[in-house]
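Grab a pencil and open the viewer.

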Amino acid sequence: MKPSLAEIPTLKDAPADLLAALDAVSEWLSIPAGWPLMHAGEPPDGVYFLLSGSLSAFKLGERGGHTLLGYIRPGEPVGEMAMIAREPHSASVFAIRDSEVLKLPPDAFDLLVQAHPAMMRHIARIMLTRARASHRNSPRADPKVYALISTSPTIDLMVRARTLQAGLKRLNRRAVIVTEDDQRAMEGGMTSAWFDALEAKNDAVFLVTPIADTPWFRTCIRQADRLWFFARADARPSLPILPPEEPSPARQFRLVDVVLLHHGMDRKAATTNEWRVACEASRLFHWRGLEDEDAARLARVIARRSIGLVLSGGGARAYAHIGVVRALREAGLPFDVIGGTSMGAIVGACAAMGWKDDEIELRIRKAFVESNPLGDYVLPVVGLVRGRRVEDRLQEHFGETLIEDLGIPFFAVSTDLVAGDVRVHRGGLLRRALRASISLPGILPPVIDGDQGLLVDGAVLKNFPVDILKDLHRGPIIGVDVARRDGIDLEDFRDPPGFLGWAAAHGLQSPPPIASVLMRSATLAIDPWEGRSGADVLIAPEMPDIDMRDWKRFDDVVAAGYESAVAALQRPHGLFHSPPEDTIGEIAGAGSLEVAD
């Protein structure tokens, strides 16, 4: 029997005669998992209401593929904005699970709106609800059903699932674990409607399964919003992880993560990146113990309460990030993903390495304050300095560490001059990514990337990469921006001395004014405030008397960053004094807060 629109909660207040008229012209459609409902750019052909299952909206990524915008849950409309505006769809919508929809054709929609103006008010109310729900911190905008898949029979997946369940409980979130035994005990099978009801009662649903040729395994990969492959760090992936013929919408759209399990002193059998490639994963997490900080981080990711930290570039002004990191840690705020540009990437990498606050200060002071890493001047051909000192310092402090092996997920940003585009470093040698991210054009020689890329400072195109973090992370974002508009001191350019005269007056430890000219020229087209509105909490220490070349002002700049962060956390939101779990929740609901001291 064809369902009625009166069964949709968002339409329950609509007049009964209106709903009866809608039912008469509506179409009842089934959309198999993985199939499209609509494509971006297509003209609207009606308004759809999801009855059961799960749909996801995607935009086409800049480099191909699909970028997830959010999930559409039962009762929500699809295509209503394009229908009202009479504009092509701005996003593509696919079925993540087998889904059923009711479609209202355009002509019938127009006639009903004309005959019943109250219909527009109902649709407007639904659109407003949908717009609010599409915010990345909204439960409706994120996955709820996870397939937890073990890649080895020696992995005790139930122990891991129960640990995550307990971690969610500490965050006041409810998770339910579903196994093959539950499927066997259920008469009539697990339908889409059954999964809808399970979602409605829980914040997360864990479908636990090994990789196996069983109906239960196929149910898990077809019903999940996201696939989590659990793998042993001391094992090699068997290829292929999933047979190509196994249909999985989550896999189709790369809604796949790897959780790499470490057991003490791991025997290195495969690289972290080999597991990522084998599972076709978009994210990778490490889990080193059992009930540890890694487990807490995974629980926060599932609960949409993980915290992202973004650190901007800014030369010596980026020392302020060190003070901010200290203040946030003292407040009990964990970092679940970190990204940065230029010197912000350097400080972010220190935090992602797991170094304590004192160690970060010691290493940065040694690398940038006690001696000038930019002091190996040469007659310029591709840069004012050789860059050997910088490379030696990066080698000394970061060694052969790979980005994908860091305990905290991390990315650095550089600019590819050949492609004219932003390069996001999420894997590979950490020191090489940092060397590219800080390669100020004209100062440091660029980094050659294979046969195609020529990488320079990320600040040329993306000094404050909040938008990049948004594509990787759903949850509150703390942004620290130390950029300034007035980065040029005119007095440096009134009757300037020659190089020898400058060196005699200032020594070889202080970069000459050409550094400011080159940096300002390279970033002139970029708004220094770009991205600030995207942070949920924005910390922006002004430091008007600090120049990007003031490498010796370490203590002053670190103190300014610390004070700005403390001020941000002591504002009316009360973040600084809250317990860690409450603090995360308050940040998520705090909105954007700018502190400029």
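**Exercise 1.** Find where Arg288 is placed, and work out whether Arg288 counts as buried, partly exposed or exposed.

*Solution.* Start with the chain. This is a predicted model, and in it Arg288 belongs to the loop that runs between strand S14 (283-287) and helix H11 (293-302). Next, take the relative accessibility of Arg288, which is 35%. Buried would need a value under 20%, and exposed a value over 50%. Arg288 has 35%, so Arg288 is partly exposed.

**Exercise 2.** Which residues does Arg288 touch, leaving aside its neighbours within four places in sequence?

*Solution.* Look around Arg288 and list the contacts: His262, Asp294, Asp405, Leu406 and Gly407. Now zoom in on Asp405: its backbone oxygen is 3.5 Å from a polar atom of the Arg288 side chain. Finally, check His263, which is 25 residues away from Arg288 along the chain; the two C-alpha atoms are 6.6 Å apart.

**Exercise 3.** In what order do the strands of the 4-stranded open sheet come, and which strands are at the edges?

*Solution.* Walk across the sheet and you get S1-S8-S3-S6, with antiparallel pairing. Strand S1 (27-31) and strand S6 (77-78) each pair on one side only, which puts them at the edges. Across from Tyr48 you'll find Val78 of S6.

**Exercise 4.** How many residues lie between S17 and S18 in their hairpin?

*Solution.* First, the pairing: S17 (residues 410-416) and S18 (residues 421-425) are antiparallel and share 5 bridges. Then count the turn: 4 residues sit between the two strands. Among them is Gly420, with a positive phi of about 65 degrees.

**Exercise 5.** Describe how helices H14 and H20 pack: what are the angle and the axis distance, and are the helices parallel, antiparallel, perpendicular or oblique to each other?

*Solution.* For H14 (residues 357-369) and H20 (residues 554-569), the angle is about 140 degrees and the axes are 12 Å apart. Roughly antiparallel needs an angle over 145 degrees, and roughly perpendicular takes 65 to 115, so H14 is oblique to H20. The crossing is right-handed. To finish, find the residues that make the contact: Glu361, Ile364, Arg365 and Val369 from H14, and Phe554, Asp555 and Val558 from H20.

How values were computed:
Residues are numbered from 1 along each chain as its sequence is written. This is a predicted model: local features need pLDDT of at least 70, side-chain atom pairs count only at pLDDT 80 or more; totals for chains, interfaces and linings use all residues. Side-chain values use heavy atoms; hydrogens and water are left out. Buried means under 20% relative accessible area, exposed over 50%, partly exposed in between (1.4 Å probe, protein chains only). Contact means heavy atoms within 4.5 Å. A polar contact is a pair of N or O atoms within 3.5 Å; within protein, one must be able to donate a hydrogen and the other to accept it, and residues adjacent in sequence count only if both atoms are side-chain atoms. Two strands pair if DSSP finds at least two bridges between them. Axes are lines fitted to C-alpha atoms, for helices over the stretch in contact, and angles run from 0 to 180 degrees between N-to-C directions. Angles under 35 degrees count as roughly parallel, over 145 as roughly antiparallel, 65 to 115 as roughly perpendicular and the rest as oblique. A crossing is left-handed if the near helix is turned anticlockwise from the far one by less than a right angle, and right-handed if clockwise.
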